[in-house]
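I opened this notebook to keep track of what I looked up, entry by entry.

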Amino acid sequence: RACPAGGPGAMAQPRVLLTKEPAPQSVPASDLPMKVYEVELNAGPESSSGLATAGFRTAKYLPTEWHLNNSELYHKAFAGCEQAEHGRAEAEELAEYAAAAAQRAQQDSTATLGQRLQDIHFWKAELQKEIEDLDAETSLLAAQKLRLERALDATEVPYAIATDNLQCRDRRQAPDLVSDEVERELLKEVELIRNIQELLKRTLMQAGNQMRLNREHKEVCEMDWSDKVETYNIDDKCGRYSNQGTNIQFHPSSVKFEESASTPETWAKFSHDNIYRAEREKLASINLRALIDNILHDTSEDMKMQCAAVNEAFAKHCKELDDAKHKLEHHLKKILKEIGDQEANVAALKQAIKDKEAPMKVAQTRLYDRSFRPNVELCRDEAQFRLISEVEELTESIGSLKKKLLESEQSLRNLEDTRMNLEKEIAVKTNSIFIDRQKCMAHRTRYPVVFKLAGYQ
């Protein structure tokens, strides 16, 4: 059935690129034999040969032309069949190639989608881990922030105790109203508590800002994670599409790249940067928690040490007050005894002076009566000289006794003044001891423990 090299069949063959040689024909090509047609000549009496057909010969083909025309039609038909057969073979081969290429492309696309799903799952898992870590870290930081708040609240009691101690000690009486070691330690304690409160407030603000940054980066990671989940579901659904599915259709407009689409590098860098920033904030949060631990430990220890110093100063001062009071009471006891003795002495002196009145009267009466002796009897005899000497001695003795009485009375008044001063000073010391021991030290028993100052309660 092969067409001649220059025949019309060769000109009509389609130019198709074949990947393999065409299959051999089942029937070998050969030239068709020329069929011999036998034409019966009309030579009978009713035939038209002769003059009757003389005018129609020019409108007819020759038998050779007729046979040639039929042969050409046969060749054209066989060439068309051969061309169609070649086209069918090439079409089948092209269809098989296209089917295999489409299957390979679909398998490659499915494999690429699978790889993409692995990448998305990796970043999704990393983001989820970072979100969980940030959430846990924020919870730990919130617990530390609560400790700071409790510690700040706990400082109010020591501050109130210290200021109350200072106010109570202002009610001490002179001369005990002195700027002693206790007052200096109390002022140091008040200043320390104020500084600690300011430090805790600043740390609270820092913790609040860090928690806000943690939540912001957690939200960024959650948004990225949510996009990854949605993308994973979309790509997973795309990977499950098959040629036999009922939910596939044509979308000609989808074969394009979006202008705002990211590249794999920028896509991975976006999640990497989010995780990096979240890790940086998480590290800052961890460092802040360690700082808060150190601050709470140091502040509680400082307050404990200062409280111990104040208590020690109070105890020392109370001991000094007790010693001073005991000494004052001892001296008061001696003064009271001396006052009693001095009062007895004054009474004895007065009695001694009074006792000298009778001898003075006797001596002066004797002298008076002897002045009436007559004439020469008024003699300056030994008796007269002795009486005069006696009066002088009595006068001098009474003068000495009166002088001593004045001195004793002045000494008694001085002893009374000393007694009053001692009693007043004992009252002052008693008041100071009451303020320091009953008011201040009793109030300081309400001082919070270190566990509470560290913010654990």
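I count a salt bridge where a side-chain nitrogen of Lys or Arg lies within 4 Å of a carboxyl oxygen of Asp or Glu. The model I am reading is a predicted one, and I looked up Arg172 and Asp180 in it, whose side chains meet in such a bridge with 3.5 Å from N to O. I then checked the cover of both partners, and found Arg172 buried at a relative accessible area of 4% and Asp180 likewise counted as buried, at 11%.

Lys218 is buried, with a relative accessible area of 17%, whereas Glu222 is partly exposed at 28%. I also noted a network in which salt bridges with shared partners join Arg169, Arg172, Asp180, Glu183 and Asp436. The other pair I followed is Arg212 with Glu216, at 3.0 Å from N to O, again four residues apart in helix H4. Here I read both partners as partly exposed, Arg212 at 41% relative accessibility and Glu216 at 34%.

**Overall make-up**

I listed eight helices and zero strands for the protein chain. Of its 457 residues, 27% count as buried, and I noted an accessible surface of about 31500 Å², 57% of which belongs to carbon and sulfur atoms. Among contacts with a separation of 6 or more, 90% are between residues 24 or more positions apart.

**Cores**

I looked up the largest nonpolar core, which has 20 residues, and those with the most contacts inside it are Leu148, Leu200, Ile292, Leu296, Met303 and Tyr447. Helix H2 (63-154), H4 and helix H5 (264-355) each supply at least two residues of this core. Leaving aside residues up to four places away in sequence, I found that Leu200 touches Leu148, Ala151, Leu152, Thr155, Ile295 and Leu296. Another core lies apart from that one and has 13 residues, including Val346, Ile353, Leu367 and Leu387.

**Cysteines**

How many disulfides does the structure hold? I found zero. For Cys168 the closest cysteine sulfur is that of Cys440, and because the two sulfurs are 5.0 Å apart, they are too far from each other for a bond. Cys318 is in no disulfide either, with the sulfur of Cys440 as its nearest cysteine sulfur, 8.4 Å away. I read Cys168 as buried at 4% and Cys318 as buried at 1% relative accessibility.

**Backbone details**

I noted a cis peptide bond joining Ala174 and Pro175, with omega about 5°, and I placed Pro175 in the loop between helix H3 (156-169) and helix H4 (181-240). Asn375 has phi near 45°, a positive value in a residue other than glycine. This residue, Asn375, lies in the loop between helix H6 (357-370) and helix H7 (382-443), and it is exposed at a relative accessible area of 74%. My last entry is on Glu393, in helix H7, which is 33 residues from Met360 in sequence and 9.5 Å from it in space, C-alpha to C-alpha; Glu393 counts as partly exposed, at 42%.

Key: Residues are numbered from 1 along each chain as its sequence is written. This is a predicted model: local features need pLDDT of at least 70, side-chain atom pairs count only at pLDDT 80 or more; totals for chains, interfaces and linings use all residues. Side-chain values use heavy atoms; hydrogens and water are left out. Buried means under 20% relative accessible area, exposed over 50%, partly exposed in between (1.4 Å probe, protein chains only). A disulfide is a pair of cysteine sulfur atoms within 2.5 Å. Contact means heavy atoms within 4.5 Å. Accessible areas come from the Shrake-Rupley method with a 1.4 Å probe; for residues, only the protein chains shown count as cover. A nonpolar core is a set of buried Ala, Val, Leu, Ile, Met, Phe, Trp, Tyr and Cys residues joined through side-chain atoms within 4.5 Å.
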